[in-house]
Amino acid sequence: MLSVELHTHSALSYDGRDPVELILEQAEAIGLDAIAVTDHDEIDASLEAAERAPDYGLVGIPGMEISSQAGHILGLGLEEAVPAGLSFESTLEAIHEQGGLAIIPHPFQEARHGVMARISREQLAAGDAIEVYNSRLFTGRANRQAERYARSRGLPMTAGSDAHISEMVGQAVTRVDAEERSAEAILAAIADGRTTVEGKRTPWRISVQQFAGGVTRRVGRVLNLLR
C-alpha cells in the first residue's frame, strides 16, 4: 500500500504560500510515497513537482484543481491545464481527453466551492472518485455526507489534506493498493477503488491562517494588476 497525498497547493495558487521545494521536503520527511500538487487553475508548479519528485524519493502526480461552473474538480494525470469556467460535464470530459482522473473534492462543502450547490446527485456520480475526507473541516458533516454518498454509489474514495502551507501536507492521505510505484499505477488503482482513507483535522487556527493568507494574497494580486 502506498501513502499518497492527492490535494495540496503551492504558492502558484492564489491562496497558497510555499514553493514546490518545501512541499516535496515535507512529503519526504513524513514518509509519503507519492504526491500531487493541485493548484487552483494552474498546472506549472505541479508539472515541476512531478519532475522533481524522484529526487525526494517520491512519485509525482501532475494535476490541478479546476474551477468549473459547478465548483472545484481535481484533475490528476494531466499534461496540460484544463480551462476554468467550463460546465461540470465539460470539465470531466476535458480531464478524460488527457487520460486523466477526475476526483470531486469536498463536494458537500458549498462554502468552499463544493459542486453539490449546483449539480444533482446523479451528476456527481460521473466523477471517477469522491474525496470523502478533506482535512480542512470544522464539524466533519460534509465529509460524512461525501462518504455516505460514495458508499451508496460504489464510487472510489480518496482523502486529501487540501494543504495551502507545506506543514499541513500529509494531514489526510489515501492508501493506494497499486501494482507498482508509478503515477499511472496509482491512478489506475484509485479508479478501481483499491483505496482506504485516513486523516486528521487541520487545526482550526491553521485553517483560519490559511484562509486569511489567501485573502491577503488575492487582494495583493488584484492591486498589482490595477497599478
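Which side chain meets that of E167 in a salt bridge? In this predicted model, the partner of E167 is R17, and the two side chains come together with an N to O distance of 2.7 Å. The pair links distant parts of the chain, since E167 sits in the loop between β8 (157-160) and β9 (172-176) while R17 sits in the loop between β1 (2-8) and α1 (20-29), 150 residues apart. The count of salt bridges comes to nine, and the points below take up some of them.

**The pair E167 and R17**
- E167 has a relative accessible area of 41% and is partly exposed.
- R17 is likewise partly exposed, with a relative accessibility of 38%.

- The side chains of R151 and E147 form a salt bridge at 3.0 Å, taken from N to O.
- Both residues belong to helix α5 (residues 141-153), where R151 and E147 are four residues apart, or about one turn of the helix.
- R151 counts as exposed at 56% relative accessibility, whereas E147, at 29%, is partly exposed.

**A pair between two strands**
- R175 and E198 meet through their side chains in a salt bridge of 2.7 Å, N to O.
- Because R175 lies in strand β9 and E198 in strand β10 (residues 195-199), this pair ties together parts that are 23 residues apart in sequence.
- R175 is partly exposed, with a relative accessible area of 26%, and E198 is partly exposed at 38%.

Terms used. Residues numbered from 1 in each chain as written. Predicted model: local features only at pLDDT ≥ 70, side-chain atom pairs only at ≥ 80, totals over all residues. Heavy atoms only, no water. Salt bridge = Lys/Arg side-chain N within 4 Å of Asp/Glu carboxyl O. Buried < 20%, exposed > 50% of the residue type's maximum accessible area, 1.4 Å probe, protein only.
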